[in-house]
Amino acid sequence: MRQDMAQLAKADGLLVWGSLGKRLEKLSELIEVNETVKLLMAGQLDVFHKNIPVPERLNAVMAVTDKGICLYAQMWKNEITFTRPWGQLEKLSTQTGILAGLTINLADQGEGYVFRETYRGKVTQSHKLRLKKQKKIYYYRDEE
């Protein structure tokens, strides 16, 4: 795993082992060498396909970098990757529920993605604030 990712995981108290460790390794392979990871999150991803009303749910990890968003999700032998530079994101909106924590909505070419961070109290609150700051710096669109 990348050094910046390992530092963020350690600072947030994220236990990197087992299947989560494997997902983080796969995520680190998606991130370019010259990118800097600003935020690292673990949770679940709901994928909404064009003509299918019920979403598919996968375990996921997400990195917010200075260049864009990288997401890796996996369930059994199925996996999904989503990497988009800031300028090519169709949608990026965030919400915070009382019970569910941070929810991030993404869209790409007719498919919708809803990433829900595993709720972790104050850590999730700080992630929300950091993501809002990154959106203001890099995303430029106000979709709150």
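**Close-up 1. Tryptophan 86 is a buried residue of the loop between β4 and β5 (91-97).** The relative accessibility of tryptophan 86 is 5%. Buried means under 20% relative accessible area, exposed over 50% and partly exposed in between, with a 1.4 Å probe and protein chains only. The model is predicted: local features need pLDDT of at least 70, side-chain atom pairs count only at pLDDT 80 or more, and totals for chains, interfaces and linings use all residues. Residues are numbered from 1 along each chain as its sequence is written, and side-chain values use heavy atoms, with hydrogens and water left out.

**Close-up 2. Phenylalanine 82 and tyrosine 113 form a tilted aromatic pair.** Three aromatic pairs are counted. Rings of Phe, Tyr and Trp (its six-membered ring) pair if their centres lie within 6.5 Å; planes under 30 degrees apart count as stacked, over 60 as edge-to-face and the rest as tilted. For phenylalanine 82 and tyrosine 113, the centres are 5.1 Å apart and the planes make 55°. Phenylalanine 82 belongs to strand β4 (residues 78-85) and tyrosine 113 to strand β7 (residues 111-117), so the pair ties together parts that are 31 residues apart in sequence. Strands (E, at least two residues) and helices (H or I, at least four) are DSSP runs, numbered from the N terminus. Phenylalanine 82 is buried at 1% relative accessible area. Tyrosine 113 is buried at 8%.

**Close-up 3. Tryptophan 86 pairs with tyrosine 139.** This pair is tilted too, at 6.4 Å centre to centre and 55° between the planes. Tyrosine 139 lies in helix α3, so the pair ties together parts that are 53 residues apart in sequence. Ring pairs join Trp86, Tyr138 and Tyr139 into a cluster.

**Close-up 4. Tyrosine 139 is buried in helix α3 (residues 122-139).** Its relative accessible area is 2%. Not counting residues up to four places away in sequence, tyrosine 139 touches Trp86, Leu89, Glu90, Lys91, Leu92 and Gln134 (contact: heavy atoms within 4.5 Å). A polar atom of the tyrosine 139 side chain lies 3.4 Å from the backbone nitrogen of leucine 92.

**Close-up 5. The charged end of arginine 84 sits over the ring of phenylalanine 82.** The distance to the ring centre is 4.8 Å. A charge sits over a ring if NZ of Lys or CZ of Arg is within 6 Å of the ring centre and within 35 degrees of the ring normal.

Terms used:
Polar contact = N/O pair within 3.5 Å; in protein donor to acceptor, adjacent residues only side chain to side chain.
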